[in-house]
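Have a look at the sequence and the structure before reading on.

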Amino acid sequence: MTTTGDAPFDRPVVLRGGTVLTMDAARTVLTDTDVLVVDDRIAEVGRHLAVPQGTTEIDAGGGVVMPGMIDTHRHMWQTAMRGYGADWTLTQYFVWYYLEHGVRFRPEDVHAGNTLAALEALEAGVTTVVDWSHGLRTPDHADAAADALLNAPGRYVLAYGNIQQAPAEWTATPEFRAFVERHRDNDRLGLQVAFDVTGDPDFPERPAFEVARELGLAVTTHAGVWGATGDNGIKLMYENGFMGPETVYVHAASLSEDSYQRIAATGGSVSVSTESEQSAGQGYPPTWKLRAYDIPVSLSMDTSVWWSGDLFSAMRATLGADRSREHLEAQSRGETVTHSALRAPQVVEWATRGGATVLGRDDLGRIVPGAKADLVLIRNDHSPVSFPLLNPYGHVVFQAQRGDVHTVLVDGRVVKYEHRLVGVDLEAVRRDIDATVEHLRSAVGETEWAAGMSPDVPESKVLDNPYTYTEFRDSSTRGR
Ligand SMILES: [Zn+2]
């Protein structure tokens, strides 16, 4: 990404007089409170703070200051196809990306998508994104993905994946290991390993799990996806000792009680992509079930091919889906829900501290002295929706939106101010995206490009298993 010089903000920085959602363990809310940032960390939180000379002052009066939001599953490389698949089902997505056109993405296309996704996230107050990067079919693609993230001013975790090859194959390459060694111990670019477990009883994913373990990397896996991955995969992971507290199960939307128990018992967490589950068809957004098992939750947006890249939408959709389920189930028994089980503060926690916990980062997702200064100020003086601010959590979940994000800091640096990204050459990014779209469009062909927004589904293969690298099929993935 191109930046135009350093951000014109000296540190320290103080956000003055906001309503602060600390997201500490007690979910303390502080009114008329300052947050002082020194270097990359939160130095002090309190009223009328004395600050060092030369501190940049940002007025947070009338606004909400909250920790930067954390998205634990987003396919950033797909962002150049923004909105293209708005009417897709999951099956059509598999056809377009897994079977037909995913291979057309060049390293520079991955770079362009990642760069745009990185900016899209920051602009919406999402300061950390797990890039579920399953388009890395060559080492050059991987370098391009990492390069884009390293040059963007947010915080990322690159979850390395490759849908074109079996996990046991690409994780065994020296190039993969070299990549991991090259990018280890970077505070702004963490690493995970991303692959799915088909449920094949031969458990061909075992070597990939072993490599991840040897390298000390967490595995993130689409698990509980109707028609693709189900209970058999969870069972194999469990019986072979590959389920741990660091494991992230994406969607976990169509699983049996048994699988939820295994996830709970091994301390794993679930990345819930409510908008995705609601319209693509992985299964019902599972927070209502995860709450019953006390399984930790983080939120995610999945892909901008369909949905927005902001977690306001994720929080709103998640609260709605959970309540909708609760009402529906109660009413089917002739009962009335008189008190909502899921509350706004809980979904704000999932969008912030919840993501931090999943990533093993107790220095993120909370506004307390010593934590990393990844911060969001929601304030929009020109919006009639900005006042009155009576219920800060309710305001964030149901009233605010990305356009209300006034200021964003990552690692103590101001990356968005007065509703604009700082030091970003968006026109350069647009040129790269245009080149990628032009390349894909001509490679796909005009007729198919138009048809691709509602792709035909082959008669075989896809419903049982979208992965090109295996012929394994399993009827159990269709149901419980
Ligand atoms: Zn996904």
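This is a predicted model: local features need pLDDT of at least 70, side-chain atom pairs count only at pLDDT 80 or more; totals for chains, interfaces and linings use all residues.

Residues are numbered from 1 along each chain as its sequence is written, and side-chain values use heavy atoms, with hydrogens and water left out. Helices (H or I, at least four residues) and strands (E, at least two) are DSSP runs, numbered from the N terminus.

**Helices α12 and α13**

- α12 passes α13 in a left-handed crossing.
- The axes of α12 (residues 344–358) and α13 (residues 392–399) come within 8 Å and cross at roughly 70°; axes are lines fitted to C-alpha atoms, for helices over the stretch in contact, and angles run from 0 to 180 degrees between N-to-C directions.
- That makes α12 roughly perpendicular to α13 (angles of 65 to 115 degrees count as roughly perpendicular, under 35 as roughly parallel, over 145 as roughly antiparallel and the rest as oblique).
- On the α12 side, A344, P345, V347 and V348 make the contact, and on the α13 side Y393, G394, V396 and V397 do (contact means heavy atoms within 4.5 Å).

**Helices α2 and α3**

- The axes of α2 (residues 107–123) and α3 (residues 139–150) also come within 8 Å, crossing at roughly 25°.
- These two helices are therefore roughly parallel to each other.
- Here the crossing of α2 past α3 is right-handed.

**The sheet**

- Eight strands build an open sheet with parallel pairing, in the order β6-β7-β8-β9-β10-β11-β12-β13 (two strands pair if DSSP finds at least two bridges between them).
- At the edges sit β6 (69–74) and β13 (297–299), each pairing on one side only.
- From one strand to the next, the twist averages 25°.
- α3 packs on the sheet and touches β7 (126–133), β8 (155–160) and β9 (189–194), with its direction making about 170° with that of β8.
- Three bridges join β12 (residues 269–272) to β13, and these strands run parallel.
- Which residue of β13 is the bridge partner of V272? That's L299.

Notes: A crossing is left-handed if the near helix is turned anticlockwise from the far one by less than a right angle, and right-handed if clockwise.
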